[in-house]
Amino acid sequence: MTAPFIPDDAPFSDSQRAWLAGFLAGMAASGAHHSDVDAGDGAATQLDILFGTQTGNAETVAQEAASLATANGMAPRVRELNDIDMAALTTMKHVIVVVSTYGEGEMPDNAQMFWDAVSATTAPRLEGMRYGVLALGDTSYDQFCQAGKLIDMRFEQLGASRLAARIDCDVDFEDVATEWLSTTVPLANDGKGPGAAASALIDTEPRKSVWTRKNPYASKVIENRLLSGITSAKEIRHFSFDLGDSGMSYEAGDALGVMPVNSTDLVNDILVRLRANADQEIKGHDEPLGVLLKEKLEIRTPSKQVITEVEKIAEHDELSHVLGTGDKESLEAFLWGRDTLDLLNLNADITIDPAQFVSWLKPLQHRAYSISSSPKAHDGEVQLTVAAVRWKFEGRGHNGVASTFLSDMCTEGDDTPIFMSPNKSFRIPEDSDAPMIMVGPGTGVAPFRAFLEERREIGAKGRNWLFFGDQHRDCDFIYADEISDMSRKGLLTRLDLAFSRDQDEKIYVQTRMRENARTLFEWLEEGGYFYVCGDATRMAKDVDIALADIIKTEGSLSDDAAMDYVNKLKKEKRYLRDVY
């Protein structure tokens, strides 16, 4: 088979070029995406690629694995982990698992039920399986890649053998993941060469945009306006970006990646603290120190290495104590409100070499925000709803990296580096007649604004119910005119508001859910979809508890039966979360 031709001047990185070559070769080899795999010696080797994802990254990597498998003459089958029952798992001979870790070492939503089943004492033996695990995570968290580590260990305990050692990828995962896949996927091919007949069973055809985290699109800002009132304790803003000639597309439910730069004030303060200047060259880096601190490195949130290295030299009793005891909660309490500069200032007398300091820092990362627009309603543009994060610690102002980059540095007409981050696990129902229940307080309303616009544009007849809330109605009811208009025109069948501080008793969205328990359960019984977006630490957990309680009470179910009901909603993809 002739290798596919990709022009030398095509605007692709090395990893994108390798992926595209594999994809085109795979397409030429297979000619089909949805056909049965024949039994027999001449059949293509079937490779099951299972993924667990919270934001879509693991699914993207899984689709890359499928393209590589197809190019190697194999028959890939890509599915979510939660879609796999134990009986099906025992029939799989060659498996690649791509799984991200969510929160503090948790499984992502679409992998939790699989983990519950495979970690149970009743899980079947897997002696006939050969597998590999690609884990995605963030070394900023203590439980780095914990989900992947657990699945890898459990498969081994159940008798499966590894195709290759597990790889744990940090936030800069693309090149590392591609290299691991390129060596591991062919190992599953039972000695067959890439010329073997193949028919791919790929659930979703992989697509890769030219515009990525490493190559973002410079989009013109169309709008940057304040949504919250002047008396609000929050600063919530609405942004609109021009997609121009980028060719980028998105769907309601996707996220937008924003590549920020660091605050000039923080950069200058760190330069002063280091007793260095912006033009200073740093060995091993092409850019001078000022550019590194401004554009390349994470200087707000202290990395683990910053914390441990500062502790060695700062002679600060409290920091040494909390690190020495290993008490995670005490360390979090100590770090609360502090940024990297605060740690450097724990001992103003110590001198820190700029090159050494740079070596402690992690690369500056993009931030992903839930898109708050439907492309059908806003042709050629994409919109966000963002809360600017600002606080004071010991008299010095502190800012969130991306939120204040957007708020303060992205005015109308400015270029802002963006790229699309698909989230296929968070979509409106395919059945336009199905009811939707949406719980999105604060900026959590963002994707539901997009959902409602989408349903309006396609003429969906399904009922829509929104639970929205914040602190005060008069200054925190963002998109109040739009939401009220949707309600008045019948697009919003029901609207329940919860403003926690407008009365003595705190009222939250989960309070309104419980007040409307009977109707909410009826909507679920009628095939309704239940969505949650927003804070994962408290709100989403409280909503999850309220939902289980409502199902138990209104369905007259036991605790176990109510949990089975919730799991059935998840299995049917009728309970979906976009939480952070």
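View 1. The C-alpha atom of Met563 is separated by 8.7 Å from that of Ile551, a residue 12 positions apart from it along the chain. Ile551 is itself among the buried residues of helix H20.

View 2. Helix H21 comprises 13 residues, 559-571, and reaches 18 Å from its first C-alpha to its last, which is close to the 18 Å expected at 1.5 Å a residue. Buried in this helix are Ala562, Tyr565, Val566 and Leu569. Seen down the axis of H21, the buried residues fall within an arc of 95°, and so they line one face of the helix. On the other side of H21, the residues Asp560 and Asp564 are exposed. The cover over the buried residues of H21 includes helix H19 (517-525), helix H20 (539-554) and strand S19 (575-579).

**View 3. Helix H20 and the elements that cover it.** Helix H20 has 16 residues, and the distance from its first C-alpha to its last is 22 Å, close to the 22 Å expected at 1.5 Å a residue. Its buried residues are Met539, Ala540, Val543, Ala546, Leu547, Ala548, Ile550 and Ile551. Among the elements that cover these buried residues are the helices H18 (509-515), H19 and H21, together with the strands S15, S18 (529-534) and S19. After H20 comes Ser556, whose phi is positive, near 50°.

View 4. Glu394 is found in the loop between strand S12 (390-393) and strand S13 (396-399), where the residue is exposed, with a relative accessible area of 68%.

**View 5. The surroundings of Pro435.** Pro435 is found in the loop that runs between strand S14 (415-421) and strand S15 (436-439). With a relative accessible area of 3%, Pro435 is buried. When residues up to four places away in sequence are not counted, Pro435 touches Arg463, Trp523, Glu526, Gly527, Gly528 and Tyr529. A separation of 8.8 Å lies between the C-alpha atoms of Pro435 and Phe530, although these residues are 95 residues apart along the chain.

**View 6. The second largest cavity.** Rolling a probe the size of a water molecule over the atoms shows where empty space is left. The count comes to 2 cavities of 30 Å³ or more, and the second largest cavity has a volume of about 40 Å³. Its lining consists of Val445, Phe448, Arg449, Leu452, Tyr479, Glu482, Ile483 and Met486. Helix H15 (446-458) and helix H17 (480-488) each supply at least two residues of this lining. By class, the lining of the second largest cavity has 6 nonpolar, no polar and 2 charged residues.

**View 7. The second largest pocket.** The second largest pocket holds about 300 Å³ of space. It is lined by Asp172, Arg213, Lys214, Pro216, Met259, Pro260, Val261, Glu295, Lys296, Pro363, Leu364 and Pro417. The lining of this pocket divides into 7 nonpolar, no polar and 5 charged residues.

**View 8. The whole protein, as context for the close-ups.** The secondary structure of the predicted model comes to 21 helices and 19 strands. Of the 580 residues in the protein, 53% are buried. Among contacts between residues at least 6 apart in sequence, 78% join residues that are at least 24 apart.

Methods:
Residues are numbered from 1 along each chain as its sequence is written. This is a predicted model: local features need pLDDT of at least 70, side-chain atom pairs count only at pLDDT 80 or more; totals for chains, interfaces and linings use all residues. Side-chain values use heavy atoms; hydrogens and water are left out. Helices (H or I, at least four residues) and strands (E, at least two) are DSSP runs, numbered from the N terminus. The expected span of a helix is 1.5 Å times one less than its number of residues. Buried means under 20% relative accessible area, exposed over 50%, partly exposed in between (1.4 Å probe, protein chains only). The arc is that of the directions from the helix axis to the C-beta atoms. Contact means heavy atoms within 4.5 Å. On a 1 Å grid over the protein atoms alone, a cavity is a set of points where a 1.4 Å probe fits but cannot get out, and a pocket is an open set with protein on both sides within 12 Å along at least five of seven lines; lining residues have an atom within 4 Å of a point. Grid points are joined across faces, edges and corners, and a volume is the space filled by probe spheres set on the points. Ala, Val, Leu, Ile, Met, Phe, Trp, Tyr, Cys and Pro count as nonpolar, Asp, Glu, Lys and Arg as charged, and the others, Gly among them, as polar.
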